[in-house]
Amino acid sequence: MYNISDCTIVDLSKVHNEAGNITVLENNINIPFKIKRIYYLYDVPMGADRGGHGHYELQQYIVAASGSFTFLLDDGVNKKSFFLNDPSKALHIQPGIWREIRDFSSGSICLVLASHEYKESDYIRDYVEYLKYKDDTPII
Ligand code: TYD
């Protein structure tokens, strides 16, 4: 079972020239899981909060492809806030971490690289159930 200290900001690096930047993500090179799904959040209304769930298996890289937003991570014991605003960096969220997403800037795009296909049964959407799951799961 992972905790907050296993969730880190990863430098993806960038190819820079006078015409701008490119950041590349390649399976087995600079991402520690096989990407099975990509999705992105956009047109998030001002003041809207998203997330409010954990996952049993899913791990993710989160990139602020445009603009900024904040991920509040919670492992059932500790909480940590990550402000994302740099497309050359990713937040690595390990499995079993509760997250809330807030403070989306206007026009922001939250790009998510995910280790598994979408499966509603992988979600824990109830916080009390989440805490029970954490209590019942041994630390690795
Ligand atoms: P959810 O993951 O709860 O969004 P967020 O964490 O950003 O608040 O997903 C919102 C809705 O979208 C939910 O009804 C499930 C659906 N959805 C899919 O159908 N496929 C997907 O890959 C994702 C991420 C969500």
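**Chatting through the model: ligand, sheet and core**

Colleague: How far is the backbone N or O atom of Gly51 from an oxygen atom of the ligand?
Modeller: A backbone N or O atom of Gly51 sits 2.8 Å from a ligand oxygen. That makes a polar contact, a pair of N or O atoms within 3.5 Å (within protein, one must be able to donate a hydrogen and the other to accept it, and residues adjacent in sequence count only if both atoms are side-chain atoms). Bear in mind that this is a predicted model, where local features need pLDDT of at least 70 and side-chain atom pairs pLDDT 80 or more, while totals for chains, interfaces and linings use all residues. Residues are numbered from 1 along each chain as its sequence is written, and side-chain values use heavy atoms, with hydrogens and water left out.

Colleague: And how far from a ligand oxygen is the polar side-chain atom of Tyr123?
Modeller: For Tyr123, a polar side-chain atom is 2.6 Å from an oxygen of the ligand. Arg125 also has a polar side-chain atom by a ligand oxygen, at 2.9 Å.

Colleague: How much of the ligand does the protein bury?
Modeller: The protein buries 63% of the 530 Å² that the ligand exposes when taken alone. Those areas come from the Shrake-Rupley method with a 1.4 Å probe; for residues, only the protein chains shown count as cover.

Colleague: New topic! What is the strand order in the open sheet?
Modeller: Five strands run β8-β7-β10-β5-β12, with antiparallel pairing. Two strands pair if DSSP finds at least two bridges between them.

Colleague: Why is one side of β8 and β12 left without a neighbour in the sheet?
Modeller: Because β8 (79-84) and β12 (123-124) stand at the edges, each with a single partner strand.

Colleague: How many bridges join β7 to β8?
Modeller: Six bridges, with β7 (residues 69-74) running antiparallel to β8. Phe69 has Leu84 as its bridge partner there, and Thr70 stands opposite Phe83. The hairpin of β7 and β8 has four residues between the strands, and Gly76 takes a positive phi near 95°.

Colleague: What about β7 and β10, how many bridges there?
Modeller: Five, again in the antiparallel sense, with β10 covering residues 98-102. Leu72 has Glu100 as its bridge partner in β10.

Colleague: How many residues of β7 are buried?
Modeller: Five of its six. Buried means under 20% relative accessible area, exposed means over 50%, and partly exposed is in between (1.4 Å probe, protein chains only).

Colleague: Which residues touch the most other members of the largest nonpolar core?
Modeller: Ile62, Phe69, Phe71, Leu73, Leu91 and Cys110, out of 18 residues in that core. A core is a set of buried Ala, Val, Leu, Ile, Met, Phe, Trp, Tyr and Cys residues joined through side-chain atoms within 4.5 Å. β7 gives the most to this core, with three residues.

Colleague: Last one: is Ser115 buried or exposed?
Modeller: Ser115 is buried, at a relative accessible area of 6%. You'll find Ser115 in the loop between β11 and β12. The side chain of Ser115 reaches the backbone nitrogen of Gln59 at 2.9 Å.

Notes: Helices (H or I, at least four residues) and strands (E, at least two) are DSSP runs, numbered from the N terminus.
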